Amino acid sequence: MIEIYEDTSLTPIKVAKMSGYLDWSSQPSMFKRYPHFLFRYKYGEKEVLRVVELSRMITSRTTIGAKPYNQLSVPSAGNLHPIELYVQIRGLKGVLSGLYHVDAGESEIVLIREIASDGVEPYVGLSKRLSGMIFIVSVVPFRSQWKYGERSLRYCYLDMGHQVGAIGASLKLHERHMTILSDFDQTVLNEFMGFKGEEFVGAVLSCGELGDKNVKTFKQNVMHVSPTDYSELDGTVVNNIAKSEILKSDVFQLSCSLSETDILNRRSTRFFDSDGLSKNKLESLMKLLHIHSYPISSYSVVLRDNHMKAGIYLDNKLIKEGMFAENMIGLLLDQSFIKYADVITVITSKYFSANKLIQAGVLVHNFYMEAEVAKYGFSGIGAFYDKKLQSFLGIDDYILYISAVGEEKK
Ligand SMILES: Cc1cc2nc3c(=O)[nH]c(=O)nc-3n(C[C@H](O)[C@H](O)[C@H](O)COP(=O)(O)O)c2cc1C
C-alpha cells in the first residue's frame, strides 16, 4: 500500500495536469437503479425502516445549470458518491425478509432477493441466521475516478468510512449496536452480489442477534445491474481497489447523543465567520479533535491567536507556535475558504491502508455529527499536497484526512 500512497499523492504538477476542463454532462450516474418490477418500500412507508433510510438519503435538492444537484446524509468528495448500500433484513416485524438495495436516489428500499432458510450470512462469515440487519457497503470507483483519477482511490475509502459512520449514527440514534464483519472471502461476496468488477464490497456491518438455526447459501447470484450508466474504468484504480482489504478493525464510536434533525441537517461548511469561535467553543473543540489511538493521531493547527496561541498542537500541547493560515491554504491546494476556520485537523497514521482510510472516514463522520450537535461549522478535506504537508508538520506518518472547523458564517 505504500506505493499506492505515493501514486495517489498530490503534487503541484499532478494538480496542474488534472485541472483541465471537466464536462459535467459526462458525469456517470450517481445512483444505481434495480429494475422497476422488483418489490420496494418507499422511504417513510415503514417506521421500522427509518434506521436504514437515515443511513443514506437525499437531504438537499437543488439544480445547478439545469442539472439536479442532490446532497445526501453522507458527505462525499466532490459530491460524487461512489458508494452503494445494501441491507439484509431478517425477522423485522412488518417487513418482508430479504436482501435490499438502499436506493437513496429514488428514496426506495428495493428487494433484490427474498430470503428464508437461505441468506447472506454464509457469505459474510456467519454460520447461523442473524435476526436483524446486515449492511453491505460497496464502492463504485468510476464515479470518483471520472473526476479525480488515481487520487479517487483515497476518496472512495474515505467516503466508505463516512457511509459506515452514517450507519453507526443512525443505529446509535435508534439505540442499536453495530458489529464489523470481516472474516470472509470478499471475492465470493462480490461475485454473489453480481458486481462484475464495476463495484466492490468495502465494509460489512451487522446489527442483531445470531440464532441457532443454520443458514443455506443461495442457489443463484444476485442479478447484475450496472451501478453507472456507462464506465471507462482505469485499470490502476480498479485493480488496486480489487486487491485492497475491506474494513476489518474497530471504528471510533460517536460519543455525543444526537437527534434525527442532526442527521438530516448535516452539511459541509463553505464559509467560515471571520469572528471565529468563542473561548468555550474553542476549548471544547480542541478536546473533541484530540485523538491519539495508536496508530492514528491528529495534529490540530490553530489558525489564529484568539483564545489560545496559534500554531500546531499534538496531544493538546503546542509543538510549534506560529500563524500558519496562509501556509495551510497553500498546502490544501489554495482552498482559501479555510482562511477563517479556527482549527485545521490533520489525521495521520503509522500505516497506510484501505482499512486506515475507512477508519479515518468514520472518525471524520463522527466529527461532522458532533459539529452538528455543538453547532460548529465543519468540512472534511481530502485534497492536500501530501509530501509538502508531511514536511511542514515534520512527520513521516501518512496523512489520511483533514478537517476544517470554525464558526459557520450565517
Ligand atoms: C472524502 C472527502 C473529501 C472532501 N474533500 C473536500 C475538499 O478538499 N474541499 C472541500 O471544500 N470539501 C471537501 N469535501 C466536502 C464535500 O465537498 C461535500 O461533502 C460535498 O460537496 C457534499 O456536500 P455535503 O457534505 O454538504 O453533503 C470532502 C468530503 C469528503 C467526504
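**A strand on the inside**

Author: Strand β14 (residues 343-349) is largely enclosed by the rest of the structure, because 7 of its 7 residues are buried. Buried here means that 20 or more other C-beta atoms lie within 10 Å of the residue's own, while exposed means 12 or fewer and partly exposed is in between, with C-beta atoms placed from the backbone. Helices (H or I, at least four residues) and strands (E, at least two) are DSSP runs, numbered from the N terminus.

Before going on, a word on the source: this is a predicted model, where local features need pLDDT of at least 70, side-chain atom pairs count only at pLDDT 80 or more, and totals for chains, interfaces and linings use all residues. Residues are numbered from 1 along each chain as its sequence is written.

Back to β14: V343, T345, I347 and S349 point one way from the strand, I344, V346 and T348 point the other way, and all are buried. As for its partners, β14 pairs in the antiparallel sense with strand β11 (residues 296-302) over 7 bridges, and V302 stands opposite V343. Strand β16 (residues 398-406) also pairs with β14 in the antiparallel sense, over 7 bridges, with I402 as the bridge partner of V346. Pairing takes at least two bridges found by DSSP between the strands.

Now zoom out. The domain assignment gives domain 1 (21-248) and domain 2 (268-406); such bounds come from an automatic or database assignment. Their C-alpha centres lie 29 Å apart, and 21 residues of domain 1 are in contact with 17 residues of domain 2, contact meaning C-beta atoms, placed from the backbone, within 7 Å. On the domain 1 side, α5 gives the most to this contact, with 13 residues. By class, that side has 11 nonpolar, 6 polar and 4 charged residues. Ala, Val, Leu, Ile, Met, Phe, Trp, Tyr, Cys and Pro count as nonpolar, Asp, Glu, Lys and Arg as charged, and the others, Gly among them, as polar.

Helix α5 turns up again at the ligand, giving the most to the shell around it, with 4 residues. That shell draws at least three residues from each of domain 1 and domain 2. P75, A77, L158, S268 and G382 come nearest of the 19 residues around the ligand, where a residue is near if its C-beta atom, placed from the backbone, lies within 6 Å. By class, the shell has 7 nonpolar, 10 polar and 2 charged residues.

Key. Contact = placed C-beta atoms within 7 Å.
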